[in-house]
Number of protein chains: 2
Amino acid sequence: MYSFPLSLRKLIREIGKMPSIGEKSATRLAYHLVYRNRELAETLANALKEAVDSVHLCSKCFALTDQSVCSICADPSREQGVLCVVEKPIDVLTIERTGEYKGVYHVLHGLWAPTRGREPSELKIEELLIRANSGKIREVIFATGATVEGDATALFVANELADVAGIAVTRLAQGIPKGGEVEYADEITLARAFSGRGTL
Amino acid sequence: MYSFPLSLRKLIREIGKMPSIGEKSATRLAYHLVYRNRELAETLANALKEAVDSVHLCSKCFALTDQSVCSICADPSREQGVLCVVEKPIDVLTIERTGEYKGVYHVLHGLWAPTRGREPSELKIEELLIRANSGKIREVIFATGATVEGDATALFVANELADVAGIAVTRLAQGIPKGGEVEYADEITLARAFSGRGTL
């Protein structure tokens with residue numbers, strides 16, 4: 001029975017181990033890499049090795065960095081007493097783009113998702129509690145998504161933080177997004193916009 | 001301004017060069033590889049290098065192989081005088097799975113697609129004409145897809161083959177697929193099923 005060369009089958013299998021890449025996509029990508037763009041296969045392999053060798057988690061906030069402490073944690077002009085809790089490293093990038101936030105971060109590396117078998121112990125929650133207990137933190141802002149898992153994680157961790165004295169625990173406002181019409185807002189968004197309403 | 005470490009940005013850029021992987025997907029995959037599954041990053045990098053080093057095109061049919069000639073072309077029990085012309089290497093695998101075909105292949109590595117800027121000169125058409133002119137080929141079967149590009153490529157190459165004496169040029173039958181109801185067949189499929197009808 002004819003089959004692809006062993007090294008190609010192996011490549012397809014490895015590519016297919018990445019999240020949301022099925023066998024068909026893996027085969028298409030492998031073909032692209034061994035025939036259409038062999039140069040990319042080389043540069044990609046080198047980039048993978050280089051990134052794995054140099055990228056790790058910031059020892060303070062667990063963002064991705066190639067230093068021992070990331071550039072935000074190392075920046076003396078940032079408010080080290082304010083922690084913004086996010087799900088994943090890309091969220092740090094997104095929030096930094098607004099230029100609004102002057103505190104530092106804490107990356108959980110996931111959300112509490114019992115339906116998908118992800119337990120709180122797999123997240124950087126213990127590490128957050130240690131930071132909160134250091135006596136240097138005055139506010140913890142939850143910036144997890146406005147989803148069931150984002151809400152559950154924020155509530156779970158906020159509950160753990162309740163014992164720590166002198167810390168304000170807050171959450172990003174939820175409401176109508178910019179450009180959003182009331183007519184098209186869903187009930188939950190509207191309800192949250194009402195309960196979180198501010199003075200004009 | 002905060003940004004990801006340089007080696008991570010490079011990895012995201014390289015991953016994003018693969019077909020149908022956008023920046024968001026590339027970022028998600030890169031994060032998975034440098035944090036969630038670092039072992040996969042290693043094995044993937046090695047598999048890439050190994051595949052690029054060992055996989056190349058069969059010197060006869062242009063299928064993917066790690067030998068100088070692929071196992072089908074090297075098999076004396078296959079009918080070397082019958083060529084099945086396909087678009088891409090995966091098509092060889094798919095046809096082999098039926099166990100019906102006993103000839104050999106010719107992989108074009110693409111289809112004639114003027115709208116996407118792919119010209120016949122980029123395909124293995126010249127090589128097909130050389131094989132056809134060798135005097136050893138008695139039938140060329142087109143097994144390109146029943147699409148506009150598959151049809152156009154088959155017609156274009158068949159036209160080139162018209163000058164070669166003693167070669168039957170055929171094409172895979174088009175009609176109603178197994179399990180297909182007449183009620184749900186589109187007009188072109190039905191028209192092709194009529195014109196290609198056989199005796200019961």
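How many salt bridges does the rule count over all chains of this structure? The count comes to 20, where a salt bridge is a side-chain nitrogen of Lys or Arg within 4 Å of a carboxyl oxygen of Asp or Glu. This is a predicted model, in which local features need pLDDT of at least 70 and side-chain atom pairs count only at pLDDT 80 or more, while totals for chains, interfaces and linings use all residues. Residues are numbered from 1 along each chain as its sequence is written, chains are lettered from A and ligands numbered from 1 in the order in which they are written, and side-chain values use heavy atoms, with hydrogens and water left out.

One of these salt bridges joins the side chains of A:K49 and B:E42, with 4.0 Å from N to O. Side chains of opposite charge can pair when their charged atoms come close.

The wider interface can be described next. Across the interface of chain A and chain B the rule finds 4 salt bridges, and the count of residue pairs in polar contact between the two chains is 20, with both residues at pLDDT 80 or more. A polar contact is a pair of N or O atoms within 3.5 Å; within protein, one must be able to donate a hydrogen and the other to accept it, and residues adjacent in sequence count only if both atoms are side-chain atoms. On the side of chain A that touches chain B, at least two residues each come from α1 (6–15), α2 (23–36), α3 (38–54), β2 (64–65) and α4 (89–98) of chain A, and α3(A) gives the most, with 15 residues. The residues of this side divide into 33 nonpolar, 12 polar and 15 charged, where Ala, Val, Leu, Ile, Met, Phe, Trp, Tyr, Cys and Pro count as nonpolar, Asp, Glu, Lys and Arg as charged, and the others, Gly among them, as polar.

The contact takes 60 residues from chain A and 60 residues from chain B, contact meaning heavy atoms within 4.5 Å. The area buried between the chains is about 5600 Å², of which carbon and sulfur atoms give 70%; buried area is the accessible area (1.4 Å probe) that two parts lose on being put together, summed over both.

From the interface the reader can turn to the nonpolar core, a set of buried Ala, Val, Leu, Ile, Met, Phe, Trp, Tyr and Cys residues joined through side-chain atoms within 4.5 Å. The largest such core has 120 residues, and those with the most contacts inside it are A:L11, A:I15, B:L11 and B:I15. Not counting residues up to four places away in sequence, A:I15 touches A:I21, A:A26, A:L29, A:A30 and A:L33, and also B:L44.

In chain B, B:L57 lies in strand β1, residues 56–57. Leaving aside neighbours within four places in sequence, B:L57 is in contact with A:Y35 as well as with residues of chain B, including B:F62, B:H109 and B:K124. B:F62 has a place in the loop between β1 and β2 (64–65) of chain B, where B:F62 has a positive phi of about 70° although it is not a glycine, and at 12% relative accessibility B:F62 counts as buried. In chain A, A:F62 lies in the loop between β1 (56–57) and β2; phi of A:F62 is near 70°, and A:F62 is buried, with a relative accessible area of 12%.

Two further salt bridges lie within single chains. A:E87 pairs with A:K88, the closest N and O atoms being 3.6 Å apart, and A:E87, A:K88 and A:D91 are linked in a network of salt bridges. In chain B, B:K88 pairs with B:D91 at 3.3 Å between the closest N and O atoms; B:K88 counts as partly exposed at 29% relative accessibility, whereas B:D91 counts as buried at 16%.

Notes
Helix = DSSP H or I, 4+ residues; strand = E, 2+ residues; numbered from the N terminus. Buried < 20%, exposed > 50% of the residue type's maximum accessible area, 1.4 Å probe, protein only.
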